[in-house]
Structure formats: structure tokens, C-alpha cells
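Student: Can you show me how to read salt bridges and burial in a protein model? I'd like the general idea and then a real case.

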Amino acid sequence: MIKVAVAGCMGRMGSTIVSAIENTDDIEVICGIDPAAASHDAAPFPVYATIDKAIDECDIDVLVDFTRPDVVAANVESAICAGINCVVGTTGLSTETLESLAKGAVDNAALFYAPNFTTGAVLMMQFAKIAAPFFPQAEVIEFHHCNKLDSPSGTAVQTARLMGESRGGVASEAPGSETEVAGAQGARGALIDGIPVHSVRSSGYVASQEVILGSYGQSLTIRHDSWDRESYMPGVLLGIRSVGDMQGLIVGLENLMDI
């Protein structure tokens, strides 16, 4: 049985993860971490205000963190330095931060990070990577709920990086910031590895992304939509089951999907 601590267990994503684990036979939630722990006495497992308190009192195999960009690094640092494997879906962490956290691992603990845990989004990124060299123009538009704390999303950043890599560093030929009119700077989006990226925030979305590629007389649109947080659960459970066989830093669900 894999013993899991869920950071942010009372949040929307955290509670969905708890429910998904409750429907498995090989994983159990051993405890939760939530700053307002005192108000959650009704939880079916201990809930601690801090990760350090949880580590002191529970035998944890895996920490799952879908919290906030301003707290995730400290949570992961405490866990991985205690020899606890980590599965992280909180975006906003730089590559340098992830690498630094992984270097602090004790007892060969692993840090598995994915900018997106939906299998469809991973396939979308891989399709975009394959298509990018064949289209001179390329852009990414991502849509998320208005409470998302980072823009652009980790998925959009990773998509742009994969596309830029497959293009050999050749930037999109689409007109850039030089076309923006006075007073409307930013209209052409953020340029990430030569790919314009645009962020939309609205209550009508959970998570959606379009990759739009253009060439002479044709265009290709690759789109993925998540309508519910349950769409992340197969990937999260796969990460929990797989991280014990890993070492160091592993980035991307595609590493577990053999694609």
C-alpha cells in the first residue's frame, strides 16, 4: 500500500485527489496538509497545518502537491529532504528551482513534476512538437478559470518550449510585438522560445489550450479541453504509482506514457 500525504487536501484539486485515491486498492491517504487544519476535524485522516508536522507524525511514502506557487517549493524541500518521493502539479516553478529541490533529495527520493496531468494535454503537446517544424507560423492560446494564479500556464510554457526545440530555435514567422499599436503593448502575447503565447482567464473554463499553426494556404489547430478536475486523476494516480521507481528530477507525464 502506497501511503500518500496530500498537500492542499481541502482545496478543490486536493479534495478531488483524495476522492480518486479512496477508489483505489493500492494507495491510501495517510494524512493531509492544510493551513486551516483546526477547522477540518471531520476529515477521515489526520490533517496538519504544516508539512513538517505531518512528516514528524506520519510514515509517508509520497507527497502529492497541488497547492500554490508561493508554498510548493517549501513543501517539496521538506519532503524530499526527508526521503519522501514527491508528485507535483503546482505550476509556476522554474527549471532551476526544480533542479535545486531535486539535488536536496535524501535516500534517492524522486521529484516528479508535470505541468499537466491530463493524458490528452500530454498528447496535444507531443502532436504540437511533431507539427511545429512544418508550419512557419505557430501560436499558443490557453484558457483557464479566473482563480488560476500564474499566467501563462505551465502547460502553455512547456508546449512552447517543446515546439521551439523541435523547430531548432527558429522563431515563429507570425508578426510580433513590432505590430502592436501604441497603448496596446502585449497584444501579441508573451514570446516563449520564439512562440507567441496568449492567456485567457474566465470563470467559464477549467483548462483548455489551442495550438494554432499556419502555412501557405493551410492551418492546423490542435485543441485540448478539460471540463472537470477529474480529468487529471488518471495521470496523478500514475505518478503516485510510478515515482517510487524513479530517482532525481523527472519532468512530464509523457515519461510515464512511453511516448
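Student: Is Glu210 buried or exposed?

Tutor: Buried means under 20% relative accessible area, exposed means over 50%, and partly exposed lies in between (1.4 Å probe, protein chains only). Glu210 comes out at 17%, so Glu210 counts as buried. Bear in mind that this is a predicted model, where local features need pLDDT of at least 70, side-chain atom pairs count only at pLDDT 80 or more, and totals for chains, interfaces and linings use all residues. Residues are numbered from 1 along each chain as its sequence is written, and side-chain values use heavy atoms, with hydrogens and water left out.

Student: Which residue forms a salt bridge with Glu210?

Tutor: A salt bridge is a side-chain nitrogen of Lys or Arg within 4 Å of a carboxyl oxygen of Asp or Glu. Here the partner is Arg223, with the closest N and O atoms 2.6 Å apart. The pair links distant parts of the chain, 13 residues apart: Glu210 sits in strand β10 (residues 207-215) and Arg223 in strand β11 (residues 218-226). Strands (E, at least two residues) and helices (H or I, at least four) are DSSP runs, numbered from the N terminus. Arg223 has 36% relative accessibility, so Arg223 is partly exposed. Shared partners also join Glu210, Arg223 and Asp225 into one network of salt bridges.

Student: How many salt bridges are there by this rule?

Tutor: The count is 9. One of them pairs Asp70 with Arg68, their closest N and O atoms being 3.1 Å apart. Asp70 is exposed at 55%, while Arg68 is partly exposed at 43%.
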